[in-house]
Amino acid sequence: MSENQNLLAEQRRALILDDVRKRGGVRVNELTRKLSVSDMTIRRDLDALARQGVIEKVHGGAVPVVEASTHEPGFEAKSTLELSAKEDIARAAAAMAVPGSAIALSGGTTTFALARHLVDVPGLTVVTNSVRVADVFHSSQRPTAPGGGRSAAAATVVLTGGVRTPSDSLVGPVADRAISSLHFDVLFIGVHGISVEAGLSTPNLAEAETNRRFVRAARRVVVVADHTKWGTVGLSSFATLDEVDAFVTDAGLPDDAREEMEEHLPGLVVAGGSPDA
């Protein structure tokens, strides 16, 4: 795989993590051959992934971490994972946003990526419980002239308020009351886990309740999540698959998972090309 020689460290680590999860473990010598880099580079990559808490180093390699259903990684830890998948998902989901509509964006790194694609959709009203998402829209609003004024595409952004979680979402009674008083044309929501049995889930009980309010307030619910979220179950479920209108994911979703999702969802969008391309 000589084309991998110049991969950025974050891209290489995403490939390693995907390999660990798919195969249940990897060896250093296998990774050096596959990625055409030195043992030392692979060991540094494994050290970095271990610090993020997503793998466990063992003699000669690494195995996946079996996370507790209450484990909630921070925003920074998640932001370096599955970058190309999140970008593919964000691009596909952004095409579903209608100019002039009212949309909601939950917290998370995938919705953060989506926000960067939505800043050019004109006339949006955006309700979010994510400080990071709100910052994307705030940073994109530049005056049309030296005297000030907003561009025609500038969104009206409503930040719910609430108590901040490790994933930089605002949750709790303040957020819940704000969301319950509103109505959205479409909700774009990220998830900790998605499965047929548990539906959409999160390890944070307060975030689960806030997400329930989001789902109830939306005419259309679109889940944006990469393939690693499939089969993961958090402590608290906040929606069934019957409440989801579309699931936008990446090409890494296994064929059997695609078949299951197509049986239970009216809309499955697989963004990007083949994971082996």
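## The chain as a whole

What you're looking at is a predicted structure, with 10 helices and 15 strands in the protein chain. Of its 277 residues, 48% are buried.

As for the surface, the chain exposes about 12,800 Å², and 51% of that comes from carbon and sulfur atoms. Now look at contacts with a separation of 6 or more: 64% of them link residues 24 or more positions apart.

## Where H2 meets H3

Helix H2 covers residues 28–35 and helix H3 covers residues 39–51. The two pack with their axes 9 Å apart, at an angle of about 110 degrees. Angles of 65 to 115 degrees count as roughly perpendicular, so that's the label for H2 and H3. The crossing of H2 past H3 is right-handed.

Which residues make the contact? On the H2 side they are Val 28, Leu 31, Thr 32 and Leu 35, and H3 brings Asp 39, Ile 42, Arg 43 and Leu 46. Sorted by type, this set has five nonpolar residues, two charged ones and one polar one.

## A closer look at Thr 160

Thr 160 sits in a loop, with strand S6 (156–159) on one side and strand S7 (163–164) on the other. Is Thr 160 buried or exposed? Its relative accessibility is 9%, and the cut-off for buried is under 20%, so Thr 160 counts as buried.

So what does Thr 160 touch, leaving aside neighbours within four places in sequence? Its contacts are Val 127, Thr 128 and Asn 129, plus Leu 170, Val 174, Ala 175, Ala 178 and Ile 179.

Definitions and conventions:
Residues are numbered from 1 along each chain as its sequence is written. This is a predicted model: local features need pLDDT of at least 70, side-chain atom pairs count only at pLDDT 80 or more; totals for chains, interfaces and linings use all residues. Side-chain values use heavy atoms; hydrogens and water are left out. Helices (H or I, at least four residues) and strands (E, at least two) are DSSP runs, numbered from the N terminus. Buried means under 20% relative accessible area, exposed over 50%, partly exposed in between (1.4 Å probe, protein chains only). Contact means heavy atoms within 4.5 Å. Axes are lines fitted to C-alpha atoms, for helices over the stretch in contact, and angles run from 0 to 180 degrees between N-to-C directions. Angles under 35 degrees count as roughly parallel, over 145 as roughly antiparallel, 65 to 115 as roughly perpendicular and the rest as oblique. A crossing is left-handed if the near helix is turned anticlockwise from the far one by less than a right angle, and right-handed if clockwise. Ala, Val, Leu, Ile, Met, Phe, Trp, Tyr, Cys and Pro count as nonpolar, Asp, Glu, Lys and Arg as charged, and the others, Gly among them, as polar. Accessible areas come from the Shrake-Rupley method with a 1.4 Å probe; for residues, only the protein chains shown count as cover.
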